[in-house]
Amino acid sequence: MINTKYFLKGFISIKGTDSPAIALAASFIAIGALFKTIGLNIQESIFSTFLTYALPGSLIMAESLIVGASLLNIFLAVWLVNARLYPMTVSLFPLLTHKSQPKLKYYLACHFIAVSAWLIMKENYKAVERKYRLDFWIGVGAANLSVAVSATAFGFFIADYLNKDMMIGLAIVNPVYFTCVMVGAMKTIQMNLAVILGSLLGITFYFVSPEWCILLGGFTAGTFAFFIGESNGT
Amino acid sequence: MALNIVLAILVTSLATYISRFLGVITSKKIKETSKIFRWFNCLAYSTLSALLARIIIFPAGALAEVDYFIRFIVVIICLIVFLIGKKNFVYPTVLSALLLAFLNSSF
């Protein structure tokens, strides 16, 4: 099953100074308040964060409910904005595999893939013995998901006390945190190019298609970064 | 309405889980020392940057009501604070909320 010692180690990593807890809480408080405003009840709000646990997808769901979009439209829009989770999983899970771990566990553990937990794991995996990396990861993921779910509930209950300026303040925290993390990750030519080209091309492709800009921009930028980096050492 | 909400939540979760699920299947065939792993690593960081740039430049929801120049200034100032603050993540994140709320109500 799960090795408790490594699970707990992963769980408490949320307390570090590079922890995404503040950013995560701020954005899910905003989501909880938004859910209440558009008419979800507390059970539905908690259920949504627990099951989806990927912020841009939840935002799209909320907007779609407001405009009354069809389920098919919701599915496609969410899939497009959350498809980034695919390369994120592929660039993390090969680091966590070990023959002693049951296969089913990977399919459950992948639910925790979201930027916050993913970044902690990418920074810390080398310090964890390979055999127990998956258990450590489940700990990291469970801690992040707990923060997200609690913040959603908290946001739901304080929704009436949040004014527009506070909502705007909460909304900027997450993008700023991740901008800092991205800049912190720029250690090799490949990473520098991936981050810089990704943001430039993401914006450029927005003028071609707002729905596809993340995938098209990300794919083009990442591929360029890879080839330029490979031909220059890293 | 309630049924619609539950269905929307289920559809959203499914659309999100699919990418994670396919990622695990692909991961099985990829070694961490391979070139293809490095390529996916670049793709992961570049798609994240593309998403972030989109959120900051073309936001949806509450942020859309803030002037684009103010958003830009807040991100740049917080990034500078991050770089001179020995890469501590707490200062820039707390500062960002206060700074944006202040600038937005003053201008």
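Lys105(A) touches Met1(A), Ile2(A), Leu134(A), Asp135(A) and Ile138(A), leaving aside residues up to four places away in sequence. This residue belongs to a predicted model, in which 74 residues of chain B are in contact with 90 residues of chain A.

- Lys105(A) is part of helix H7 of chain A, which runs over residues 103-109.
- Its relative accessibility is 9%, so Lys105(A) counts as buried, the cut-off for that class being under 20%.
- One of its contacts, Asp135(A), is also a polar partner: the side chains of Lys105(A) and Asp135(A) are joined by a polar contact of 2.8 Å.

**Interface between chains A and B**

- The size of an interface is often given as the accessible area lost when the parts come together.
- For chain B and chain A, the buried area is about 7400 Å², and carbon and sulfur atoms give 77% of this area.
- On the chain B side, Arg20(B), Tyr45(B) and Phe89(B) lose the most area to chain A, and together they make up 10% of what that side buries.
- Thr17(A), in the loop between helix H1 (4-12) and helix H2 (21-37) of chain A, touches Phe89(B) and Val90(B), not counting residues up to four places away in sequence.
- Thr17(A) has 58% relative accessibility and therefore counts as exposed.
- Thr93(B), by contrast, is buried, with a relative accessible area of 3%; Thr93(B) is found in helix H4 of chain B.
- Within chain B, a polar atom of the Thr93(B) side chain lies 2.7 Å from the backbone oxygen of Phe89(B).

**Aromatic pairs and a charge over a ring**

- A pair of aromatic rings is described by the distance of the centres and the angle of the planes.
- Over all chains, the structure holds 19 aromatic pairs.
- Among them is the pair of Tyr177(A) and Phe89(B), which is tilted, with 5.3 Å from centre to centre and 55 degrees between the planes.
- This pair crosses between chains: Tyr177(A) is in helix H10 of chain A, and Phe89(B) is in the loop between helix H3 (68-84) and helix H4 (90-106) of chain B.
- Tyr177(A) and Phe89(B) are both buried.
- The rings of Phe226(A) and Phe227(A) have centres 5.1 Å apart and planes at 70 degrees, so this pair is edge-to-face, given that angles over 60 degrees fall in that class.
- Phe226(A) counts as buried because its relative accessibility is 7%, whereas Phe227(A), with a relative accessible area of 54%, is exposed.
- Ring pairs also link Tyr86(A), Phe219(A), Trp39(B) and Phe40(B) into a cluster.
- The charged end of Lys36(A) sits over the ring of Phe156(A), 5.5 Å from the ring centre.

**Helix H10 of chain A**

- H10(A) covers residues 164-184; its 21 residues should span 30 Å at 1.5 Å a residue, and the end C-alpha atoms are 31 Å apart, which agrees.
- Of these 21 residues, 16 are buried, so H10(A) is largely enclosed by the rest of the structure.
- Asn163(A) caps the N-terminal end of H10(A), with a side-chain oxygen 3.1 Å from the backbone nitrogen of Asp165(A).

**Helix H11 of chain A**

- H11(A) has 18 residues, 189-206, and reaches 25 Å from its first C-alpha to its last, close to the expected 26 Å.
- An α-helix has 3.6 residues a turn, so residues three or four places apart point the same way.
- The buried residues of H11(A) include Gln190(A), Ala194(A), Gly198(A) and Leu201(A).
- Covering the buried residues of H11(A) are, among others, H10 and helix H12 (213-231) of chain A and helix H2 (35-57) of chain B.
- Asn192(A), placed in H11 of chain A, is partly exposed, with a relative accessible area of 26%.
- Apart from neighbours within four places in sequence, Asn192(A) is in contact with Met186(A) and Lys187(A).
- Asn192(A) and Leu40(A) are 152 residues apart along the chain, and their C-alpha atoms are separated by 41 Å.

How values were computed:
Residues are numbered from 1 along each chain as its sequence is written. Chains are lettered from A and ligands numbered from 1 in the order in which they are written. This is a predicted model: local features need pLDDT of at least 70, side-chain atom pairs count only at pLDDT 80 or more; totals for chains, interfaces and linings use all residues. Side-chain values use heavy atoms; hydrogens and water are left out. Helices (H or I, at least four residues) and strands (E, at least two) are DSSP runs, numbered from the N terminus. The expected span of a helix is 1.5 Å times one less than its number of residues. Buried means under 20% relative accessible area, exposed over 50%, partly exposed in between (1.4 Å probe, protein chains only). A polar contact is a pair of N or O atoms within 3.5 Å; within protein, one must be able to donate a hydrogen and the other to accept it, and residues adjacent in sequence count only if both atoms are side-chain atoms. Contact means heavy atoms within 4.5 Å. Rings of Phe, Tyr and Trp (its six-membered ring) pair if their centres lie within 6.5 Å; planes under 30 degrees apart count as stacked, over 60 as edge-to-face and the rest as tilted. A charge sits over a ring if NZ of Lys or CZ of Arg is within 6 Å of the ring centre and within 35 degrees of the ring normal. Buried area is the accessible area (1.4 Å probe) that two parts lose on being put together, summed over both.
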